[in-house]
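Hi everyone, thanks for coming.

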Amino acid sequence: MPTGAPDADQYDDRVATHTIRLFGDPVLKRPAAPVAELNGALAKLVDAMYTTMYEAHGAGLAATQVGVQRRLFTYDVQDETGPHVLVNPEIVATSGEWVYEEGCLSLPGLAFEIARPKFVTVQALDLDGNEVVIEGDELLGRVFLHETDHLDGVLMLERLDRDQRKEAMRTLREQGMGVPTPGGRLHAL
Ligand code: ZN
């Protein structure tokens with residue numbers, strides 16, 4: 001076997017789950033690149049992301065949150081249809097407004113009421129390369145927006161108002177800027 005730096009398209013499949021990257025990890029601030037090829041390695045990554053998402057009790061998980069700089073996310077909003085994965089997702093339409101107490105697996109212990117669009121249409125590929133267009137409302141729409149933000153290197157901290165942001169920064173400082181806390185919060189994204 002060759003040694004040296006792993007190829008960018010060789011995802012780590014040695015473990016069944018991945019460590020969720022926490023606030024302060026620079027990978028969370030970097031925009032992810034499109035997925036170029038739907039292959040077996042990607043399918044393995046998706047399986048590991050499903051396991052990681054469920055272990056953390058998350059409703060959604062972006063690849064960047066496990067340190068993979070590729071545009072895909074998994075989700076399950078507990079409507080008996082999941083888990084699902086969307087590859088190269090793009091938000092193509094939004095409307096309405098909905099306030100939801102949003103959490104993030106990369107920001108353990110933080111949750112804030114954030115207003116975002118209520119209806120969200122996402123266009124993406126499934127794992128077989130089929131184009132899919134899904135309209136989600138409320139929690140599902142929120143997952144689409146939150147995870148797509150992750151793929152753009154944007155954390156929900158950037159969606160907070162001034163007072164919420166101050167409170168968030170204080171909490172993060174008290175936690176030592178993102179010291180891991182075990183487990184996640186149900187419905188964290
Ligand atoms: Zn998140």
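Two notes before we go on. This is a predicted model, where local features need pLDDT of at least 70 and side-chain atom pairs count only at pLDDT 80 or more, while totals for chains, interfaces and linings use all residues. Residues are numbered from 1 along each chain as its sequence is written.

Where is Ala 63? It is in the loop between β1 and β2; strands are DSSP runs of E, at least two residues, and helices are runs of H or I, at least four, numbered from the N terminus. Leaving aside neighbours within four places in sequence, Ala 63 has contacts that include Met 49, Val 68 and Phe 73, a contact being C-beta atoms, placed from the backbone, within 7 Å. His 150 is 87 residues away along the chain, yet its C-alpha atom is 8.4 Å from that of Ala 63.

Now the sheet. Five strands make an open, antiparallel sheet, ordered β1-β2-β3-β6-β7; strands pair if DSSP finds at least two bridges between them. At its edges are β1 (60-62) and β7 (131-137), each pairing on one side only. Further in, six bridges join β3 (residues 84-95) to β6 (residues 119-125), and Ala 93 stands opposite Thr 121 in β6. Thanks, everyone!

Conventions: Two residues are in contact if their C-beta atoms, placed from the backbone, lie within 7 Å.
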